[in-house]
Amino acid sequence: MATGRTHRPATRSRGIPEATVARLPLYLRALTALSERSVPTVSSEELAAAAGVNSAKLRKDFSYLGSYGTRGVGYDVEYLVYQISRELGLTQDWPVVIVGIGNLGAALANYGGFASRGFRVAALIDADPAMAGKPVAGIPVRHTDDLEKIIQDNGVSIGVIATPAGAAQQVCDRLVAAGVTSILNFAPTVLNVPDGVDVRKVDLSIELQILAFHEQRKAVEEASHDGGLPAAATREEPADEGPDGDVPAVMPA
């Protein structure tokens, strides 16, 4: 997931790095699965494997939370679920508005995981007058004319933008002006926001292009092993490599 402008003074003041914050939801998902199976404790190695990280990184991340586990026993699953949920702010109810109720917006509205993870869809908003009053996931769609009133009435601080690219910045500006300070952006465009507003950008096409890059690399390696071009002949010139020797993923703006 690509990240836009981020400002998290609460976590930074406690000394929790952004990279650790980004991994906390992965740990929480793995821990929730263990909790649902009534698993009482888990080792760092088992939890790291379930979350897709190495165990040393996991132990370092948990040290920022004050959790060090018990040698020979591991981590208490329920306690870690509580700790991480509290750190992520999921022990309270967060009202969310979704703007843009096309296919993607409707799919997000129908997603059943919001409520169980501390989020409540307070309103669905769309610019199409024909959508006004139409129920989606049991929630009547409201027109964008009511956006500011909806945000103020529901105390919304998190907005989801699922509009076409051309409308996203205007919607973003209105959300911010109305008091929204965190935005999840599904529109294929970069949003400009003032300091103090967090943006997380989800661009499925970029994620697919990254996967395509890795698939191409695997195909080249397989071809070299099968007697095709030697691996050295398929590498880019050193000038195209990153500072650590990794080939950078070049994506369209």
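In the predicted model, proline 129 is exposed, with a relative accessible area of 61%, and its place is in the loop that runs between strand S5 (119–126) and strand S6 (135–136). Although proline 129 and histidine 143 are 14 residues apart along the chain, their C-alpha atoms are separated by 6.5 Å. Histidine 143 belongs to strand S7 (residues 139–143) and, in contrast to the exposed proline 129, is buried, its relative accessible area being 18%; this value falls in the buried class because that class covers residues under 20%.

When neighbours within four places in sequence are left aside, histidine 143 is in contact with Ile125, Asp126, Ala127, Asp128 and Pro129. The side chain of histidine 143 also reaches two backbone atoms, namely the backbone oxygen of alanine 127 at 3.0 Å and the backbone nitrogen of aspartate 145, likewise at 3.0 Å.

Attention now turns to charged residues. Side chains of opposite charge can pair when their charged atoms come close. In this model the count comes to 8 salt bridges, and among them is the pair formed by aspartate 61 and arginine 23, in which the closest N and O atoms are 2.7 Å apart. Because aspartate 61 lies in helix H4 (residues 55–65) whereas arginine 23 lies in helix H2 (residues 18–36), the pair ties together parts that are 38 residues apart in sequence. Both aspartate 61 and arginine 23 are buried.

Helix H4 also holds arginine 59, whose side chain meets that of glutamate 45 in a salt bridge with an N to O distance of 3.6 Å. Since glutamate 45 is found in helix H3 (residues 44–51) and arginine 59 in helix H4, this pair ties together parts that are 14 residues apart in sequence. Arginine 59 is partly exposed, with a relative accessible area of 37%, and glutamate 45, at 48% relative accessibility, also counts as partly exposed.

A further salt bridge joins the side chains of aspartate 153 and lysine 149, with an N to O distance of 2.6 Å. Here both aspartate 153 and lysine 149 lie in helix H8 (residues 147–154), where they are 4 residues apart, or about one turn of the helix. Aspartate 153 counts as exposed, at 54% relative accessibility, because the exposed class begins over 50%.

Methods:
Residues numbered from 1 in each chain as written. Predicted model: local features only at pLDDT ≥ 70, side-chain atom pairs only at ≥ 80, totals over all residues. Heavy atoms only, no water. Salt bridge = Lys/Arg side-chain N within 4 Å of Asp/Glu carboxyl O. Helix = DSSP H or I, 4+ residues; strand = E, 2+ residues; numbered from the N terminus. Buried < 20%, exposed > 50% of the residue type's maximum accessible area, 1.4 Å probe, protein only. Polar contact = N/O pair within 3.5 Å; in protein donor to acceptor, adjacent residues only side chain to side chain. Contact = heavy atoms within 4.5 Å.
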